[in-house]
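Student: I would like to go through this model with you. Could we start with the overall fold and then turn to the interior?

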Amino acid sequence: MKRLLKEPLFHFLVLGALLFAGYGLLNRSVQPASGRIVISQGKIENLRAAFSGVWQRPPTAEELEGLVRDHIHEEVFTREAMALGLDRDDAVIRRRLRQKMEFIVNDLAAQTEPSEAELAEFLARHPDRFRVEPRFTFRQVYLNAERRGDALKHDGVRLLTVLNQPDAKTDFKTLGDATLLSPELADVPMSEVSRQFGEEFTRQLAQLPKDRWNGPVTSGFGIHLVFVEERKTGRLPELAEVREQVVRECADARRREENEQFFQNLLKRYTVTIEQPAAVETKKIAGIQ
């Protein structure tokens with residue numbers, strides 16, 4: 001028994017039962033069979049607040065009276081519609097009721113914050129969600145293969161020699177061919193390099209020696225001469241670096257798990273039968289004669 005009292009699921013179910021019971025007590029007046037409608041002061045304040053939220057000002061006395069009158073109109077029609085069973089088999093109403101149930105479950109799940117141990121475990125179990133990408137700082141000179149034709153290889157070797165001279169004073173930005181690609185990129189994540197230059201360029205970039213001009217490096221645009229200044233390897237960050245994101249995703253995963261667990265417990269109250277089509281009908285459906 002003591003072990004049961006310590007189970008989070010037990011606490012979750014107890015809270016759910018209390019919430020449903022409280023909701024039922026607070027909303028007894030909305031049952032279709034009831035002939036009494038009470039517009040409490042709390043309801044009037046809710047109507048006033050909703051109006052203010054939309055119009056950015058409080059309602060006048062006449063407007064508030066209209067809001068109350070409209071609420072009574074809605075209450076009467078809702079009760080009568082439910083008494084006639086008009087809420088049954090309505091896809092929109094069923095979807096809304098499902099959403100309300102899920103909101104209740106999610107609210108219960110959100111009452112407890114994940115512990116530090118739970119966050120650390122979540123980070124360790126889902127490293128790819130939080131991994132810091134490799135980053136590059138590099139320069140590039142673009143050579144247009146179509147424009148240079150057979151001279152492309154010779155031009156590449158010549159420019160590499162010029163660029164790698166110890167006392168070279170030539171501005172690399174004045175070399176090569178015109179392109180919309182940036183000649184310098186600083187601390188750019190791998191995904192951005194791939195987006196601009198392509199996967200093959202990025203793969204080669206990760207293997208080039210640093211602090212000297214290299215090439216040719218191919219991309220979807222042609223070839224490039226590349227100087228890698230800095231290359232940072234990818235890594236799994238410490239929890240402190242990505243704590244806010246881990247908290248958000250861990251809490252979201254917990255809500256989904258507890259929602260499913262709550263549903264499975266409710267499902268135990270039902271016997272579900274799924275009728276299968278007859279063999280002949282199945283063949284017809286599948287288009288088999």
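Student: How many helices and strands does the chain have?
Tutor: The chain of this predicted model has 13 helices and four strands.

Student: What share of the residues is buried?
Tutor: Of the 289 residues in the chain, 25% are buried. The accessible surface of the chain is about 20700 Å², and carbon and sulfur atoms account for 55% of that area.

Student: Which residues have the most contacts inside the largest nonpolar core?
Tutor: They are Phe138, Val193, Phe197, Phe201, Leu205, Leu208 and Val226, in a core of 13 residues.

Student: And which elements give two or more residues to this core?
Tutor: Strands S1 (135-143), S2 (184-189) and S4 (223-232) do, together with helices H10 (190-197) and H11 (199-205). A second, separate core has 12 residues, among them Leu143, Leu152, Leu175 and Ile223.

Student: Back to Leu205: what does it touch?
Tutor: Leaving out residues up to four places away in sequence, Leu205 touches Phe136, Phe138, Val193, Val226, Val228 and Arg231.

Student: A change of topic: where is Asn259 found?
Tutor: Asn259 lies in helix H12, which covers residues 243-267.

Student: Is Asn259 buried or exposed?
Tutor: Asn259 counts as buried, because its relative accessibility is 18% and the cut-off for buried is under 20%.

Student: Which residues is Asn259 in contact with?
Tutor: Apart from neighbours within four places in sequence, Asn259 is in contact with Glu102, Val105 and Asn106.

Technical notes: Residues numbered from 1 in each chain as written. Predicted model: local features only at pLDDT ≥ 70, side-chain atom pairs only at ≥ 80, totals over all residues. Heavy atoms only, no water. Buried < 20%, exposed > 50% of the residue type's maximum accessible area, 1.4 Å probe, protein only. Contact = heavy atoms within 4.5 Å. Core = buried A, V, L, I, M, F, W, Y, C linked by side-chain atoms within 4.5 Å. Areas by Shrake-Rupley, 256 points an atom, 1.4 Å probe, with all protein chains shown as cover.
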